[in-house]
Each structure stands twice: as structure tokens, then as C-alpha cells.
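Here is a friendly tour of side-chain contacts, for a reader who likes to follow along in the viewer. Please keep the sequence and the structure open side by side.

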Amino acid sequence: MKHIKLISFLLFIFSGALNAQKIGVVDTDYILSKMPQYKEAQDRLNEQIASWQTEIQNLQSDFDKKKLLLENERVLLVGEQLKQRQKEVDDLDKKIKSMINNRFGTLGEINNARSNLTKPFQDQIWNAIRTVSEKNSLGIVLDKSNNISVIFLEKRYDYTDKVLDLLLKNSGNKNTSTPNRRGISEEDAKQEKLRLMQDKTDSNSNTQSRRKK
């Protein structure tokens with residue numbers, strides 16, 4: 001019984017200490033979307049990704065042509081000539097798969113580029129949050145962009161605008177227009193990788209079908 005009373009007393013003290021903390025909430029995704037420098041960096045990344053996609057699509061088109069031509073001429077090729085042509089097609093196939101994985105895979109260039117893009121802005125946001133927290137005596141700050149479900153939030157507990165105003169003031173830029181373009185998310189990158197692989201599979205299936213005919 002004494003232990004139960006002691007535990008209850010400690011829980012009461014802890015609860016009181018937690019309630020005494022002033023809590024604030026911010027939306028870092030919204031803040032990022034309103035930072036002009038982030039939008040510019042994001043647009044550059046999107047252009048790079050588009051360039052990678054075009055390069056892979058061009059290689060895929062070249063592969064499809066070479067493979068179809070090889071299948072059509074296979075009966076005319078013998079010995080080393082056939083081996084060389086087959087090796088060219090196989091090497092190109094491996095190159096495409098490697099490029100897709102290296103650029104759009106889990107540890108690919110797109111994820112590294114996104115991480116390098118985001119980190120400097122995350123550091124700026126963190127410093128701004130710390131400044132706002134100290135100024136407003138906040139003991140706890142939650143980020144509702146970070147998988148935290150906020151069902152209801154009174155405006156006085158939302159410090160997103162204060163953090164954004166501080167960032168824009170420090171950068172000397174008051175342009176808060178919402179970006180017209182969005183960066184490719186990790187899920188989008190996975191889908192793009194799957195789409196490219198599926199296109200390749202479909203292409204191979206079509207080639208085999210034509211060969212059977």
C-alpha cells in the first residue's frame with residue numbers, strides 16, 4: 001500500500017511538472033514551402049531528376065531497338081558475331097538497371113540529393129524555433145508535420161507564423177507565395193523506379209511476343 005501511494009504521488013508530481021511546461025506547435029512542411037530559397041533549390045533538384053528520367057528513357061528506347069533488331073537478325077548471325085551482338089544488348093540492359101537503382105533506389109542519388117537540399121533549411125528552421133521558444137518561454141515544441149496528429153489546436157499555441165516571420169526577416173525576403181511546384185517525395189521516387197522497371201518488363205514482353213509471331 002505504501003508503494004502504491006508513493007507511485008501515485010510521483011505520478012502526480014510528474015503530471016504537474018508536465019502541465020507547467022508551455023507547449024507550442026509548428027508546421028515545418030508549411031514553413032519550408034514558404035521559403036523562396038528552398039523553392040529555388042527544389043526546382044533545381046526537379047530539373048536534375050527530369051534529366052535523369054529522360055536519359056534512362058532514351059537508353060531504354062535504344063535497348064528496345066537493339067534487342068528487336070537482334071531477334072530479327074539472329075538466324076543470320078553466327079559465332080563471335082552473334083556473341084558480340086548479344087553482349088551489347090545484355091550490357092545495355094545491365095546499364096539501365098544499374099542506373100535506375102543508383103539514382104532512384106533506396107540509397108540512390110535522389111535521396112542523397114534531397115537530404116543535402118533539406119538539411120541547411122532544417123538547421124535554419126531549428127535555430128528559428130529555438131529563438132521563438134526562448135522568447136515565448138516554451139518548454140515543449142511539437143512539429144505537426146512529423147507524423148503527429150493534431151486533432152485540435154488553438155491559434156495561440158501555433159507558432160508556425162512566428163518562426164516563418166523570423167526566418168524571412170533574417171533572410172531579408174518577405175515573399176511568402178506558395179511554390180507552384182513540389183519536390184518529388186520518397187514515395188514518388190519509389191513509384192518512378194517501379195514505373196521504369198515495369199516499362200522495361202513490358203517492353204521485354206512485347207519483344208518476346210513479336211518473336212513468337
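The report below covers aromatic pairs and then salt bridges in this predicted model.

## Aromatic pairs

Let us begin with the rings. A pair of aromatic rings is described by the distance of the centres and the angle of the planes. The structure holds two such pairs. Tyr 38 and Phe 121 are both buried.

Trp 52 and Phe 104 make up another edge-to-face pair, at 6.5 Å centre to centre and with 90 degrees between the planes. Trp 52 belongs to helix α3 and Phe 104 to helix α4 (residues 79–104), so this pair ties together parts that are 52 residues apart in sequence. Trp 52 is buried because its relative accessible area is 8%, under the 20% cut-off. Phe 104 has a relative accessibility of 3% and therefore also counts as buried.

## Salt bridges within helices

Now for the charged groups. Side chains of opposite charge can pair when their charged atoms come close. Across the whole structure, a search finds 13 salt bridges. One of them joins Asp 62 to Lys 66, whose closest N and O atoms are 3.8 Å apart. Both residues lie in helix α3, four residues apart, which is about one turn of the helix. Asp 62 counts as partly exposed at 30% relative accessibility, and Lys 66 is partly exposed at 37%.

In helix α5, Lys 119 and Asp 123 are four residues apart, so about one helical turn separates them. Their side chains meet in a salt bridge with an N to O distance of 3.1 Å. Lys 119 is partly exposed, with 47% relative accessibility, and Asp 123 is partly exposed too, with 35%.

## A loop contact and a network

What is the N to O distance in the salt bridge between Lys 144 and Asp 158? The distance is 4.0 Å. Both residues lie in the loop between β2 (140–143) and α6 (160–171), so the pair ties together parts that are 14 residues apart in sequence. Lys 144 counts as partly exposed at 31% relative accessibility, whereas Asp 158 counts as buried at 17%.

Finally, salt bridges with shared partners join Glu 55, Arg 103 and Glu 109 into one network.

Terms used. Residues numbered from 1 in each chain as written. Predicted model: local features only at pLDDT ≥ 70, side-chain atom pairs only at ≥ 80, totals over all residues. Heavy atoms only, no water. Phe/Tyr/Trp six-rings, centres within 6.5 Å; stacked < 30°, edge-to-face > 60°. Buried < 20%, exposed > 50% of the residue type's maximum accessible area, 1.4 Å probe, protein only. Helix = DSSP H or I, 4+ residues; strand = E, 2+ residues; numbered from the N terminus.
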